[in-house]
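Subject: Structure handover and notes

Hello,

Here is the structure we talked about. Please open it alongside this message.

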Amino acid sequence: MSDWKKLNTLPELELRDLRKFLMADPFLAFTGVMNATSNAELVGYYLDKWTASNSEIFTLTNTSGRLTAVAIIEALAWDTEMLRTPAARIHYANSLSKDVSVERGELLTKLMLCVKNRLVEQKYRLVDARISTRDLFATRYFEHVGFHTVDVLVTLGGDKAKLERILDQHAPYLSVAADGHMDLGNAVTIRPLQAGDEDIMAKLSRDAFGEVAMIQDRFFLEPTLSHDATSTLFETWFRNCVAKHKSGAGSVLVAEFGGVPMGYVAIDASTHPALGGYWIDSLNAVRSESRGKGVYRGLILGTIAHVLHQGGGGLITKTQVSTQRVVNTWLHLGANLYESFCTLHWTS
């Protein structure tokens, strides 16, 4: 057993062992998306992110010094500021063995008790974690130390070939004009964000995610979190997406219905080789009064056309399984359902 350390202080030998440990895990997020024969690049991507974020690592080893379980935690400064409560994320917590056994259960019990002690010691009040639904055995050990499930996220989308087939089948006429506009032909137009949109769409972001009957957003389901603070988080999140749009690191596409802005999709362009040039749906929202008019469907088709026009390698979105309209839209268009993860919270 070892003490908590900063990930960026690990000596090369321990880092090498950690890399091998993570590469043996078939449940890492995006593994099902990229369908890579080797996830070395994906593990490198995560280690780069976690090291840069000054994450902490805790490890369990056996008598021969071999890693048997690992936990990695990051304090979340932005979430702490937005939600007005000390927040953190468990990027990873699992054992080397992926089977269902008493031995693995004992390892996970030891690991998660050490994790809980650390959360209490650091005075965190909101901690999130995600576990693949293909590894539900592990969730009971999070629950054992007081975590509770707040949603199940599904990842939907497709690679370049899949996106091209979707457009050919559902909107073969759709093309991106020189000014970025796309006409769906049913009073729905998709276009890039323009002057005057930001405040309108920021308010939509503030209002839409609190509609728990439709979205079941995990923050709004926490009684200890201020509704106003959570609403402000989504408004600020959207404004951060606008900043990426203006810098060229992402795009915000707005849907108009009958000339009135009704919703948006904000997407980020991935640059790490492990992500294969995929664009990622960072945030989206649609006005409730536009439902049933084809606005969200048009937004997805327009986003697909935009990603292909930009030379992207694919597109994915993540959404709660309870958002049936969103899930059905992607599946009816022919998108893949790649993977799903339980989101769990620990609150103090």
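First, the ground rules. This is a predicted model, where local features need pLDDT of at least 70, side-chain atom pairs count only at pLDDT 80 or more, and totals for chains, interfaces and linings use all residues. Residues are numbered from 1 along each chain as its sequence is written, and side-chain values use heavy atoms, with hydrogens and water left out.

Helix packing

Two packed helices are described by the angle between their axes and the distance between the axes. Axes here are lines fitted to C-alpha atoms, for helices over the stretch in contact, and angles run from 0 to 180 degrees between N-to-C directions. Helices (H or I, at least four residues) and strands (E, at least two) are DSSP runs, numbered from the N terminus.

Start with α7 (residues 160-170) and α10 (residues 295-309). Their axes come within 10 Å and cross at roughly 130 degrees. The pair is therefore oblique. That term covers what is left once angles under 35 degrees count as roughly parallel, over 145 as roughly antiparallel and 65 to 115 as roughly perpendicular. The crossing of α7 and α10 is left-handed. Left-handed means that the near helix is turned anticlockwise from the far one by less than a right angle; clockwise is right-handed. On the α7 side, the contact (heavy atoms within 4.5 Å) uses Lys 160, Leu 163, Glu 164, Ile 166, Leu 167 and His 170. On the α10 side, it uses Arg 297, Leu 301, Ile 304, Ala 305, Val 307 and Leu 308. By class, the contact of α7 with α10 has 8 nonpolar, 1 polar and 3 charged residues. Ala, Val, Leu, Ile, Met, Phe, Trp, Tyr, Cys and Pro count as nonpolar, Asp, Glu, Lys and Arg as charged, and the others, Gly among them, as polar.

Helix α10 also packs on α11 (residues 324-333), with axes that come within 10 Å and cross at roughly 50 degrees. These two are therefore oblique to each other. The crossing of α10 and α11 is right-handed. Tyr 296, Arg 297, Ile 300 and Leu 301 of α10 meet Val 326, Thr 329, Trp 330 and Leu 333 of α11. The classes there are 6 nonpolar, 1 polar and 1 charged.

Next come α8 (residues 197-208) and α9 (residues 227-247). Their axes come within 8 Å and cross at roughly 145 degrees. The crossing of α8 and α9 is right-handed. Residues in the contact include Glu 198, Met 201 and Arg 206 from α8, and Phe 234, Phe 238 and Lys 246 from α9. The contact of α8 with α9 divides into 5 nonpolar, 3 polar and 7 charged residues.

Strands

Which strand has 6 of its 7 residues buried? β5 (residues 126-132) does, so it is largely enclosed by the rest of the structure. Buried means under 20% relative accessible area, exposed over 50%, and partly exposed in between (1.4 Å probe, protein chains only). β4 (residues 87-95) runs parallel to β5, joined by 4 bridges. Strands pair if DSSP finds at least two bridges between them. Arg 89 stands opposite Asp 128 in β5.

β9 (residues 250-257) is mostly covered, with 7 of its 8 residues buried. β8 (residues 188-192) is antiparallel to β9, with 5 bridges. Val 188 has Phe 257 as its bridge partner in β9. β9 also pairs with β10 (residues 260-269), antiparallel over 8 bridges. Val 252 stands opposite Ala 266 in β10. β9 and β10 form a hairpin with 2 residues between them, and Gly 258 in the turn has a positive phi of about 60 degrees.

Single residues

Phe 27 sits in the loop between α1 (12-23) and α2 (31-34). Phe 27 is buried, at 14% relative accessible area. Beyond its neighbours within four places in sequence, Phe 27 contacts Lys 98, Ser 132, Arg 134, Asp 135 and Phe 341.

Ser 53 is in the loop between α3 (40-52) and β2 (56-61). Ser 53 is partly exposed, at 23% relative accessibility. Residues up to four places away aside, Ser 53 touches Glu 74 and His 91.

Thr 139 lies in α6 (residues 139-144). Thr 139 is buried, at 10% relative accessibility. Thr 139 and Leu 108 are 31 residues apart in sequence and 9.7 Å apart in space, C-alpha to C-alpha.

Best wishes
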